[in-house]
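Hello,

Here is the structure I promised to pass on. Have a look at it, and then read on for what turned up around the ligand and in the pockets.

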Amino acid sequence: MSSSEQLIIFDTTLRDGEQSPGASMTRDEKVRIAKALEKMRVNVIEAGFPIASQGDFEAVQAVATQIKDSTVCGLSRALDKDIERVGEALKPANSARIHTFIATSPIHMKEKLRMSPEQVLEQAVHAVKKARQFTDDVEFSPEDAGRSDADFLCRVIEAVIDAGATTINIPDTVGYNIPMQFGALMRDLLNRIPNADKAVFSVHCHNDLGLAVANSLSAVLNGARQVECTINGLGERAGNAALEEIVMAVRTRQDVFNCDSRLDTTQIMTCSKLVSGITGFPVQPNKAVVGANAFAHESGIHQDGVLKSRETYEIMRAEDVGWSANHIVLGKHSGRNAFRTRLKELGIEFA
Ligand code: KIV
Ligand code: ZN
């Protein structure tokens, strides 16, 4: 990595990803995916929501037992019984994080929680203090932050950092935000919260308007230093920000970002295929980075350009994300150079 700051990659394929209807995974499948994520050098693996079921508890415990080089995280509502369950599941971990959340938007507080803002603030602080009894690594999320009042967010976040939260995650829970506005929110929080320097600020975006990656990157440009994401963009409803897109955007555009992840990007394809195979969720052919066509060239002009100099039409090397190489597809738009090259590969030479 260069001298730029570290961007922490927090993978939530095993938790938010599993919330995709039809994407449930067994304990052993979760362990297989966690090992692939660890090999890719993901910083934090959110393994599940232990209070949700006995199966989820056992999966988090199994991941915590097997993973040594990534921090293993478990999710909990801001409730003592949830936090105690996560604490128990994470006992075997080398490095354990508790992620606790409570909603802060007016609609969630009024309609879902039926709590006043003051009660929410008090419960958030209590939850963080409780989580700190199990580990020094505590993340707090004000759920639906993207639709919360900024002044109230500032009060809650300042209080939970004082209570011991070390990561503050800003979720756009319903995928409502727009990149400029979401980046401005991140900047505003970092500027206004007096103890903001005592925590890492994180981002967690959903893809309801197809903006999860753009919103996450806008937050990074405005000071976030952790991104929560999933392999292939799996996740609740339209999904989360896709890990492979975040990581490759930041790595490819080092002229724009003053941070980078520690990931071994050559493991991306292995992780993508593993998650797709286990969940049965196919990857669309034109999906960025991991789609079958992401490095395929069909038109004659593009093929001729790539054969002469790869950079004419490619901004990343296929090998850098784990593909064996780019490929030239012979179709009705192909040209002479591609045809001649393919014949040569087949050992057929023209005079
Ligand atoms: O989308 C969301 O708000 C979440 C939280 C639990 C972080 O998944
Ligand atoms: Zn989410």
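**Around the ligand**

A polar side-chain atom of Thr173 sits 2.6 Å from an oxygen atom of ligand 1, a polar contact (a pair of N or O atoms within 3.5 Å). Polar side-chain atoms also lie 3.0 Å away from a ligand oxygen in the case of Arg15 and 3.1 Å away in the case of Asp16. Of the 260 Å² of accessible area that ligand 1 has on its own, the protein covers 94% (Shrake-Rupley method, 1.4 Å probe).

Please keep in mind that this is a predicted model, where local features need pLDDT of at least 70, side-chain atom pairs count only at pLDDT 80 or more, and totals for chains, interfaces and linings use all residues. Residues are numbered from 1 along each chain as its sequence is written, chains are lettered from A and ligands numbered from 1 in the order written, and side-chain values use heavy atoms, with hydrogens and water left out.

The shell around ligand 1 (residues with a heavy atom within 4 Å) includes His99, Phe101, Ser141, His204 and His206. At least two shell residues come from each of β5 (96-103), β6 (138-143) and β7 (167-172).

**The pockets**

Ligand 1 takes up the space of the second largest pocket, whose volume is about 290 Å³. Its lining has 17 residues, with Arg15, Asp16, Gln19, Glu143 and Thr173 closest to the centre.

The largest pocket holds about 340 Å³ of space, and α10 (268-279) gives the most to its lining, with three residues.

Best wishes

Key: Polar contact = N/O pair within 3.5 Å; in protein donor to acceptor, adjacent residues only side chain to side chain. 1 Å grid on protein atoms, 1.4 Å probe; cavity = no way out; pocket = protein on both sides within 12 Å on 5 of 7 lines; lining within 4 Å. Sits in = over half its atoms within 2 Å of the grid points. Helix = DSSP H or I, 4+ residues; strand = E, 2+ residues; numbered from the N terminus. Points joined across faces, edges and corners; volume = space filled by probe spheres on them.
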